[in-house]
Amino acid sequence: MEEALRHRQEYDEMVAEAKKREIKEAYKRKKIMKERFKQEENIANAMVIWINEILPNWEVMRSTRRVRELWWQGLPPSVRGKVWSLAVGNELNITPELYEIFLSRAKERWKSFSETSSENDTEGVSVADREASLELIKLDISRTFPSLYIFQKGGPYHDVLHSILGAYTCYRPDVGYVQGMSFIAAVLILNLEEADAFIAFANLLNKPCQLAFFRVDHSMMLKYFATFEVFFEENLSKLFLHFKSYSLTPDIYLIDWIFTLYSKSLPLDLACRVWDVFCRDGEEFLFRTGLGILRLYEDILLQMDFIHIAQFLTKLPEDITSEKLFSCIAAIQMQNSTKKWTQVFASVMKDIKEGDKNSSPALKS
């Protein structure tokens, strides 16, 4: 009888505990739904402002405090592509017709390479280099956002991505195709029409920072890393010293982040929000985002050694949220004494002599 009563009591406790959990889960779901509805409402309201007020008066309004604050909160998906295009600009004066010309050249080249492996060297780029570029494009496309299944062979955006990357290698044979470009092109394709995506892609890759990285200009890359470290020490001195104690240099984690503009390292929706503010603030924001990530995980990183830090920063946790990351980014001060990013970078450019370079292991390899 006592045994039966004890079992009954245990059963009642289990049921009560299960009910508690159920109520807690229901409350959590309700809270998430409420936040989602609020977010959707904010996006809808912002979209109206962007479409009716900001975009028609772009040049006048883009730098106003109100627009900058709204921009920081993230662009509504329906206007994201348009705002990115306007913010990136078209200094190269590329037209849709020009894109079609380079796409035709790329298609001719693919055809000739499939038919024969012999072609005279032109434009200072060897056939072997071109073939390597085309093979790398093919391989990289299959590894671009594999979980979405839209860029892989047979997917709706496979051919578009292939076209944009192929056309770019013909447009800029001096740069060619570099690993990581497929992620940038893919994000643009998701937000823009094909020709507009190519125009934004070419202009984006022509920015000083992107050009330095994609041309693997070691000297310039080291200057960017040196400038980054100035702000790293200023904002996160404890973590900076911890990294220094292991001789862990910025190239180990920054190269992948900068090459793909965080689109490979962060969840896609969060990466797009980083792109939003990058289009507003320029290259400085890419490095500020890097410092924001380090700040977010500072406590964890301080407990790790070289190998574990490198592994952690190479594959960031998937549960990283927009609110937490942007809160950390906002806390990063991009000012060293009285100097801002551009001034510190100019000083580094002036001070670093060829013989004084602090070699980084990843760059050597």
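Trainee: Leaving aside its neighbours within four places in sequence, which residues is Q210 in contact with?

Mentor: Q210 is in contact with L204, L205, I258, L261, F278 and L286. Contact means heavy atoms within 4.5 Å. Two notes before we go on. This is a predicted model, in which local features need pLDDT of at least 70 and side-chain atom pairs count only at pLDDT 80 or more, while totals for chains, interfaces and linings use all residues. Residues are numbered from 1 along each chain as its sequence is written, and side-chain values use heavy atoms, with hydrogens and water left out.

Trainee: Why is Q210 called buried?

Mentor: Buried means under 20% relative accessible area, exposed means over 50%, and partly exposed is in between (1.4 Å probe, protein chains only). Q210 has 2%, so it is buried. Q210 lies in helix α10, residues 208-214. Helices here are DSSP runs (H or I, at least four residues), strands are runs of E (at least two), and both are numbered from the N terminus.

Trainee: L211 is found in helix α10 too. What makes L211 buried or exposed?

Mentor: Its relative accessible area is 17%, so L211 counts as buried. Not counting residues up to four places away in sequence, L211 touches R172, V175, L205 and N206. Take V175: it is 36 residues from L211 in sequence, and the two C-alpha atoms are 8.3 Å apart in space.

Trainee: What is the phi of V216, and what sets the value apart?

Mentor: Phi of V216 is near 50°, a positive value in a residue other than glycine. Most residues other than glycine have a negative phi. V216 sits in the loop between α10 and α11 (218-235). At 40% relative accessibility, V216 counts as partly exposed.

Trainee: What about F145: which phi does it have?

Mentor: F145 has a positive phi of about 45°, although it is not a glycine. F145 is in the loop between α6 (127-142) and α7 (158-171). Its relative accessibility is 9%, so F145 counts as buried.

Trainee: Now the helices. Why are α14 and α18 called roughly parallel?

Mentor: Two packed helices are described by the angle between their axes and the distance between the axes. Axes are lines fitted to C-alpha atoms, for helices over the stretch in contact, and angles run from 0 to 180 degrees between N-to-C directions. Angles under 35 degrees count as roughly parallel, over 145 as roughly antiparallel, 65 to 115 as roughly perpendicular, and the rest as oblique. Helix α14 (residues 268-281) and helix α18 (residues 322-331) pack at about 30°, with axes 10 Å apart. Therefore α14 and α18 are roughly parallel.

Trainee: Which residues in α14 and α18 meet?

Mentor: L270, R273, V274 and V277 in α14 meet S322, L325 and F326 in α18. By class, the contact has five nonpolar residues, one polar and one charged. Nonpolar means Ala, Val, Leu, Ile, Met, Phe, Trp, Tyr, Cys and Pro; charged means Asp, Glu, Lys and Arg; the others, Gly among them, are polar.

Trainee: How do you know how α3 and α14 run, roughly parallel or antiparallel?

Mentor: The axes of helix α3 (residues 65-72) and α14 cross at roughly 155° and come within 9 Å. That angle makes α3 and α14 roughly antiparallel. R68, E69, W71 and W72 in α3 meet R273, D276, V277, C279, R280 and D281 in α14. This contact has four nonpolar, no polar and six charged residues.

Trainee: At what angle do α8 and α14 pack?

Mentor: Helix α8 (residues 181-191) and α14 pack at about 90°, with axes 12 Å apart. That makes α8 roughly perpendicular to α14. I184, V187, L188, L190 and N191 in α8 meet L268, C272 and W275 in α14. Seven of these residues are nonpolar, one is polar and none is charged.

Trainee: And the whole chain: how many helices and strands does it have?

Mentor: The chain has 20 helices and two strands. Of its 365 residues, 46% count as buried.
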